[in-house]
Amino acid sequence: MHEWSLAEAVVETAIDFAKKKQLTKLTKIKIRVGELQQIEEDIFRYALSEILKLKGDFVKDTEIEIEEEEVVLKCRICGHVWTGKEIFNILGEDDKEAIHFLPEVAHTYTKCPSCGSTDFEIIKGRGLYIDSITGDKS
Amino acid sequence: MIDPRKNIIKERLESIKRIVAVSGGKGGIGKSIISTLTALILKDDGKNVGLLDMDFTSPSTHIILGQEKLPFPKEEKGIIPLNIDGLSYLSIVSYTQDNPTPLRGEDITNAILELFAITRWGNLDYLILDLPPGIGDVLLELLVLTRKIEFLLVTTPSSLSWQTFIKVVRLLKEQNIPIIGALLNMVNSSTYGFEEKIISSGVRYLGKLDFYRDLERYIGKPDEIMDTAMVKELKDILEDVL
Ligand SMILES: Nc1ncnc2c1ncn2[C@@H]1O[C@H](COP(=O)(O)OP(=O)(O)OP(=O)(O)O)[C@@H](O)[C@H]1O
Ligand SMILES: [Mg+2]
Ligand SMILES: [Zn+2]
């Protein structure tokens with residue numbers, strides 16, 4: 001479960017940011033996760049809450065909002081555009097697990113459904129971002 | 001919008017004493033063999049050593065180590081590198097099984113970011129990085145993500161590799177990145193004055209490795225390769241600097 005290491009990254013980053021902005025309490029972190037990341041939301045939420053517990057009153061009751069962004073791929077050869085459902089429905093468990101570890105290896109396991117090319121652009125739906133951080137100022 | 005992965009990298013690399021990237025510009029000059037042997041030499045010397053294959057499109061260190069296929073690394077609050085011949089080892093091959101992986105700029109940037117953010121190397125004396133040729137996405141992204149890095153450069157006694165070598169040197173010097181030194185690889189008879197050229201470029205000249213006709217015999221046999229004259233030569237070169 002590498003969700004844990006990503007959760008750590010989110011919490012550290014949010015706390016750094018909030019302290020720089022001199023917030024006295026961190027009330028909400030809004031996270032956007034690319035579908036390609038294949039993160040298990042339950043595990044990710046659990047990891048976030050466990051890590052937050054270690055960080056004291058500053059993050060007591062911090063609300064977590066997670067939004068998943070759908071993957072959209074565009075073939076560089078023929079221009080065809082396709083989405084996450086078409087990718088993940090046909091993949092085997094091992095292939096999915098490989099992508100879960102390292103999303104970029106989607107290039108190994110996914111082909112353009114129209115022309116068969118593996119040279120495609122990931123238009124959206126990868127990576128992990130903090131969209132917003134909300135808190136109280138004294 | 002913040003990418004939190006960038007933020008955690010410093011912490012992930014904290015438990016590593018020295019990060020040494022093997023580079024030098026041109027393709028096919030021996031970076032992969034030298035980085036792998038360097039890792040093995042340091043390990044035999046009793047150090048804790050990691051080896052990361054950063055050539056995502058043409059990885060080759062696993063071949064030198066005799067691993068046709070690699071399992072998935074274990075997941076434990078992140079990923080734990082494999083143990084291959086006593087090295088903490090990571091290569092994209094675990095995830096691609098040597099299928100072609102056409103990665104471009106953005107993909108490479110994201111793959112490096114992800115790997116550095118989720119890998120738990122643990123306590124290492126050295127992490128050796130095998131870089132792909134040229135001043136490309138991998139080298140540039142690496143310099144964006146961490147400054148805790150030194151370079152071991154390789155070149156051959158040829159004006160053709162020199163052209164790229166000197167560009168890498170300039171790039172690193174402009175960014176104040178430490179260069180441990182440079183070694184000349186695949187020396188046949190003459191070094192054609194390239195020692196002097198290296199020195200006059202302001203880089204420490206570390207020594208030369210001969211061209212070993214029989215090297216192919218030892219590819220994939222990490223135990224046997226450690227008894228070769230090439231490894232002995234490399235040990236002598238590295239002794240003072242690593
Ligand atoms: N000193 C040497 N003597 C003989 N053969 C060598 C020597 N050094 C490297 N080689 C051989 O040269 C070839 C290229 O080496 P290697 O793959 O390490 O280069 P590289 O710089 O990593 O290449 P790339 O830029 O493609 O990653 C290999 O077949 C390797 O066995
Ligand atoms: Mg190489
Ligand atoms: Zn297509």
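**A walk through the model**

A: Keeping in mind that this is a predicted model, we can begin with B:Thr164, which sits in helix 7 of chain B.

Q: Is B:Thr164 buried or exposed?
A: B:Thr164 is buried, since its relative accessible area is 19% and the cut-off for buried is under 20%.

Q: And what does B:Thr164 touch?
A: Once residues up to four places away in sequence are set aside, B:Thr164 touches B:Gly24, B:Gly25 and B:Lys26.

Q: OK, over to B:Asn185, where is that?
A: B:Asn185 belongs to strand 9 of chain B, which covers residues 179-187, and with a relative accessible area of 4% B:Asn185 is buried.

Q: Which residues is B:Asn185 in contact with?
A: Leaving out neighbours within four places in sequence, the contacts of B:Asn185 include B:Ile29, B:Gly30 and B:Ile34, then B:Val154, B:Thr155, B:Thr156 and B:Pro157, and also B:Leu209 and B:Asp210.

Q: How far is B:Asn185 from B:Pro102?
A: The C-alpha atoms of B:Asn185 and B:Pro102 are separated by 29 Å, and the two residues are 83 residues apart along the chain.

Q: Switching to backbone angles, what is phi at B:Lys77?
A: Phi of B:Lys77 is near 50 degrees, a positive value in a residue that is not glycine. Most residues other than glycine have a negative phi. B:Lys77 lies in the loop that runs between strand 3 (74-75) and strand 4 (79-80) of chain B, and at 39% relative accessibility it counts as partly exposed.

Q: What about B:Asp85?
A: B:Asp85, also not a glycine, has a positive phi of about 50 degrees, and its place is in the loop between strand 5 (82-84) and strand 6 (87-90) of chain B. With a relative accessible area of 29%, B:Asp85 is partly exposed.

Q: Back in chain B, which residues of helix 6 are buried?
A: In helix 6 of chain B (residues 137-145), the buried residues are B:Val138, B:Leu139, B:Glu141, B:Leu142, B:Leu143 and B:Leu145.

Q: Stepping back, how many helices and strands in chain B?
A: Chain B comes to 11 helices and 10 strands, and buried residues make up 56% of its 242 residues. Of the contacts in chain B between residues at least 6 apart in sequence, 76% join residues at least 24 apart.

Q: What is the radius of gyration of chain B?
A: Chain B has 17 Å, which agrees with the value near 18 Å that a compact globule of 242 residues would have. Taken along the principal axes, its C-alpha atoms fill a box of roughly 50 × 40 × 35 Å.

Notes. Residues numbered from 1 in each chain as written. Chains lettered and ligands numbered in written order. Predicted model: local features only at pLDDT ≥ 70, side-chain atom pairs only at ≥ 80, totals over all residues. Heavy atoms only, no water. Helix = DSSP H or I, 4+ residues; strand = E, 2+ residues; numbered from the N terminus. Rg over C-alpha atoms; globule rule 2.2 N^0.38 Å. Buried < 20%, exposed > 50% of the residue type's maximum accessible area, 1.4 Å probe, protein only. Contact = heavy atoms within 4.5 Å.
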